[in-house]
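Please look at the model below.

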Amino acid sequence: MTFNLTTLAEDDTSIQLNLPENVELKILVDYVSERLNLNIFYDEQIANKRVTIKAPGKIPVESLLGLLESTLKMKGLALVDAEQPGWKRITQIRQLAEIAVPADEADRKTVAAVTQIFTLQYADAQRADQIIKPFLTPQSGNSIPLVDQQLLIVTDYVSNMARVSKMIAQVDQPGEPAVVRFVAVEHMEVQQLAQQLTQVLSAKAKGSSSGAGARSAQPDVEVLQDPRTNQLILVGSGAAVSDAETFAQSLDVSLNVVPEAYTFESASPEEVDRVFKELIGEVTAKKLYKSSVYKKSNMLIVTTTPDIHAKLAKLKTEVDQPVTESQRPIRFYKLENATATEVLATLRSIETEAGLGEAKVSGGDTRSMYSRAGRLNDVPGTTGPNQPPVSNTNQTDLPRPPGYRPSNTDAEQTTAGAIPTSSFGNLSAAVEQGKAHVMADVNTNTIIVVAPPAMQELYAQLIERLDRRRPQVLLEATIVTLDTSNGYSFGVEVSRTSDAGDKGKVLTFGSFGLSEVDADTGRLSLSPGLGFNGALVSADIADVIIRALKTNARSKVVSAPKILVSDNATGTLTSVNEAPFTSVNASDTVATTSFAGFASAGTTVTLTPHISEGDHLQLEYQIELNSFTGDGSETVPPPRQTNGISSEVLIPDGHTIIVGGLKRQDQTESRSTIPLVDQIPLLGDLIGNTSNTSADSSLFVFIRPVILRDDKFRDLLFYSNRDQHAAELASDYPTSKPMLIR
């Protein structure tokens, strides 16, 4: 492709460029090389690089080299001297310093970039560097300040270095000597005045600057402060320091404020102070209003202007009025049914569940009604008679007490008296902000609440709900123990005396404890025992003793204790036998015997009822049965066997659960006989003593709970009178009535 690049003028000193748009860069390089007779070599790095040059008029021929250098610089390239004399090469610029030549060694007509070192006489190197950086070639030129040597090293294209040199010469000029002046501050705090004065001077410096310098303009005066003497320290030129002192005096003026104390009878000075600051506005409160609270005298001390004092005095007259009982921040709640520590722990549990952390309550039972009842609305009410037990024709139920209502009555009362859950958030927020404090007086069983009146109403509802009489549960535990034992024993003893001639007599006999043997004659004499006893005494044949016994035993032990337990409380029934035993302390010289304690065995029943909604309750039970299985010695307690059952069940009111199945079976078989003889059929079974014993024991426990809800205890009185009548006891006990004291 051929282009008509130029048209020569008549004088041959200027040309007319006729380049098409988006022409390849190498075409321009080739034309300048040919026209100026320059030896230039390059590689593929300029491939695919295109430029557009618009030159409507004629240009001098001598400007072609500058045009080429500017075009290459635009593409990140540079025309530099090659290693071979008389040649130039095109290279890609990564750092301008790579191709820059020291300014004192360079021919500015033939090099592209130079590095020049400026020695500063008056200006600060860091400050000068900040001034010239915006004027360096973007992404190519750079500058490095050496503050200690007061040097500034600048690298840039030759075409831009002349302008940078002029700017540095203008910056490096002598200035006025610095002045230090102390200014006393009379009506303000020096920190506040220093901040305001710095802002004024900065605004003045920006207003006096223009262009790019407006963004980086700094005040001519440095403002320091001395809080100890409440003085400003101004450092700068004489005229600038005088202007700054004038500004400081204009800001440090008296506001005509006076102090005054306000004593409150009923209102809180902290609350009045907070409300009044909101009334006068944030700006006025910061500038003209200073306050301090003296809590011991319930006093508010204020320093402000007379006008603001008048407004505060009017507000005090309106709010500092005697409060009624309902408006007092401190209230005492005397508890009738619950304990103070228990109610306090419940209130703290509510705060803990709202995310305020775990509360610690010292002294007493710290278990809360809230945690044991499951949720607040399940705390039993002060009214609500016993629920009717469900009838069952297969068991004998206790008669229903008088004065009960259907079971849905309690549910209606609980729903009607429930406290909204949203109120808990208000309670926890008040405690978190330190507005509510709750304490317990154990000696008087009183809850003390210090809180705003609005919070007092919520605490009153909570305490009223918690201080309600808990229903009770009448528990009847019937314990049945069945023992069965069978025994069988059969024994045979034989004795015979034979003549051995001159050698004497031979005595043979078998002894199994059924008879006594005469050592001289070998004759057996019967020792009577239980069961069948038989004897065959014959001098010619043998003496034979037979005893047979079979035993059968049946025993049944029934106990039916009753216990009255409050809801969520634990009751224990215990029946224990104790066997004493001793211990021996031995030494080298003496041994002493002392009492070591008792070994206990018996029956223990532990019951914990939890009344649920409706006619049901959750019952936790634990049954443990211990029994001595033998005799002990003086120093060793008798052996003991332990059987236990524990579980947790949900049962209807008035129903019976059967806990049992603890069954034990013991079998013992023993045989005593004569060796070798026991191998002879029939004879081996006849001679000897055989004993078989078997024993079976079973334990059953019947537990029956009855819920007593009546707040007048009429249901308890009903069951007590019934049992008293069954025991045939007189009912002439005195009744409890108020006594009139005159």
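How are α3 and α4 oriented to each other? The model is predicted, and in it helix α3 (residues 125–132) packs against helix α4 (residues 158–171) at an angle of about 140 degrees. Angles over 145 degrees count as roughly antiparallel, 65 to 115 as roughly perpendicular, and under 35 as roughly parallel; the rest are oblique. The two helices, α3 and α4, are therefore oblique to each other. Their axes lie 10 Å apart. The crossing of α3 and α4 is right-handed.

On the α3 side, A128, I131 and I132 make the contact.

Next comes a sheet. Three strands form an open sheet in the order β13-β15-β14, and the pairing is antiparallel. β13 and β14 are the edge strands, each pairing on one side only. From one strand to the next, the twist averages 20 degrees.

| Strand | Residues |
|---|---|
| β13 | residues 179–184 |
| β14 | residues 221–226 |
| β15 | residues 231–236 |

β14 and β15 pair in the antiparallel sense over six bridges. V221 stands opposite G236 in β15.

A helix also packs on this sheet: α7 (residues 238–251). Helix α7 touches β13, β14 and β15. The direction of α7 makes about 155 degrees with that of β15.

Key
Residues are numbered from 1 along each chain as its sequence is written. This is a predicted model: local features need pLDDT of at least 70, side-chain atom pairs count only at pLDDT 80 or more; totals for chains, interfaces and linings use all residues. Side-chain values use heavy atoms; hydrogens and water are left out. Two strands pair if DSSP finds at least two bridges between them. Helices (H or I, at least four residues) and strands (E, at least two) are DSSP runs, numbered from the N terminus. Axes are lines fitted to C-alpha atoms, for helices over the stretch in contact, and angles run from 0 to 180 degrees between N-to-C directions. Contact means heavy atoms within 4.5 Å. A crossing is left-handed if the near helix is turned anticlockwise from the far one by less than a right angle, and right-handed if clockwise.
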